[in-house]
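Please have the sequence and the 3D view open while reading.

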Amino acid sequence: MSGEPIILAVETSCDETSAAVLRGQRELLGHVILSQDVHRIFGGVVPELASRAHLRVVDDVVNGALAEAGLRLDDVDVFGVTAGPGLIGALLVGVSWVKGAAFALDRPVVAVHHMEAHLFATSLEHPEAEPPFVGLLVSGGHTMLIWVPEWGAYELLGETRDDAAGEAFDKVAKILGLGYPGGPVIQKVSAEGDPKAFHFPRGMFHGGQQPGDDDYYTFSFSGLKTSVLTRVRQLEKDGGLEEQIPNLAASFQAAVVDVLVGKTMRAVQEKGCGRVVIGGGVAASRALRAGLTEALGENGELYYPSMRLATDNAAMIARAAAFRYSRGEVAGLDLTARADLPFPGMVRA
Ligand code: KG4
Ligand code: ZN
């Protein structure tokens, strides 16, 4: 291998089949993301359908990324793959594909943790999105507030004790009859609504909490979801639900954003660090970005990924693989997928 390694990464942890070709740490040469539409019919991801869809398209998606990069499979120096967390059957498609290719070509494989990759995503587009920073990861499966003094060293300040932030968007969208995935459609409908129309609870977030309290950084969104449901039932009974949908969506979105912003600002305060990097599908939320930008003010710096790099993608997997590879971390042929893969380098505060 001469010069910077060419990394081919594959992501199949949920309902996007994606492949990316990266040179070195951040030069993205090719990137294809194929979203599976079929889950919309069911209002959520159906694991068996996801696995089958990955299997059908993974070859084409990889070939597409290589073609965009103007490279052949043989030009790849290192393979990266999401090994977890995620849907086990879906993960196995990517892991098996990459292991097969790496074995055939005699190249190393780097196993990537999906959420660590979300943390890296923004750095592909913003060279300043580097540690130290306060990281907020908000996806369909996770909500984590993390202190990142350097890449690979993560202090978990808080996570959700029930629903993830994205999951709350998805469940509330379902309750409001808006379809799946919930985030983008709630954002759209909220634009017509008043965020103050309904007062929904800010779970685990109140002024009486002190640093050191168990719940100071903990998130909880299931009470909020129940509260929306109760309102919807009442409006169904009393009439007028239809015209209240934008207000319900906007008020719900405001409640989620308030809590995410509030807890992130606590971390900014405690760590004395005004640099915040957000990642995961909910990082695509315009309301969240606006809320954080305003709370951080002139002395803070907010970095967020473009829409394409916020939701699931292989570019971030390649970026995380490049970091792990630079540290000599290579997986053995016994590599397998793990639905509950532990976050590497993470300690609890
Ligand atoms: O990171 P991601 O693509 O997949 C997981 O790893 O889970 O995140 C998907 C989540 C979904 O729950 C979706 O509703 C949410 O991200 N999402 C949003 C927005 N766009 C996507 N949530 C709020 N506002 C958005 N604009
Ligand atoms: Zn994700």
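## Basis

This is a predicted model, in which local features need pLDDT of at least 70, side-chain atom pairs count only at pLDDT 80 or more, and totals for chains, interfaces and linings use all residues. Residues are numbered from 1 along each chain as its sequence is written, chains are lettered from A and ligands numbered from 1 in the order in which they are written, and side-chain values use heavy atoms, without hydrogens and water.

## Two ring pairs

The whole structure holds eight aromatic pairs. Rings of Phe, Tyr and Trp (its six-membered ring) pair if their centres lie within 6.5 Å; planes under 30 degrees apart count as stacked, over 60 as edge-to-face and the rest as tilted. Y154 and F343 are edge-to-face, because their planes are at 70°, with the ring centres 5.2 Å apart. Y154 belongs to strand β8 (residues 153-159) and F343 to the loop between α10 (314-326) and β11 (346-348), so this pair ties together parts 189 residues apart in sequence. Helices (H or I, at least four residues) and strands (E, at least two) are DSSP runs, numbered from the N terminus. Y154 and F343 are both buried (under 20% relative accessible area; exposed is over 50%, partly exposed in between; 1.4 Å probe, protein chains only).

F169 and F252 are also edge-to-face, because their planes are at 75°, and their centres are 5.1 Å apart. F169 is in helix α4 (residues 165-175) and F252 in helix α7 (residues 241-271), 83 residues apart. F169 is buried at 3% relative accessibility, and F252 is buried at 0%.

## Cluster and charge

F120, F133, W151 and F323 are linked into a cluster by ring pairs.

The charged end of K263 sits over the ring of F219, 6.0 Å from its centre (NZ of Lys or CZ of Arg within 6 Å of the ring centre and within 35 degrees of the ring normal).
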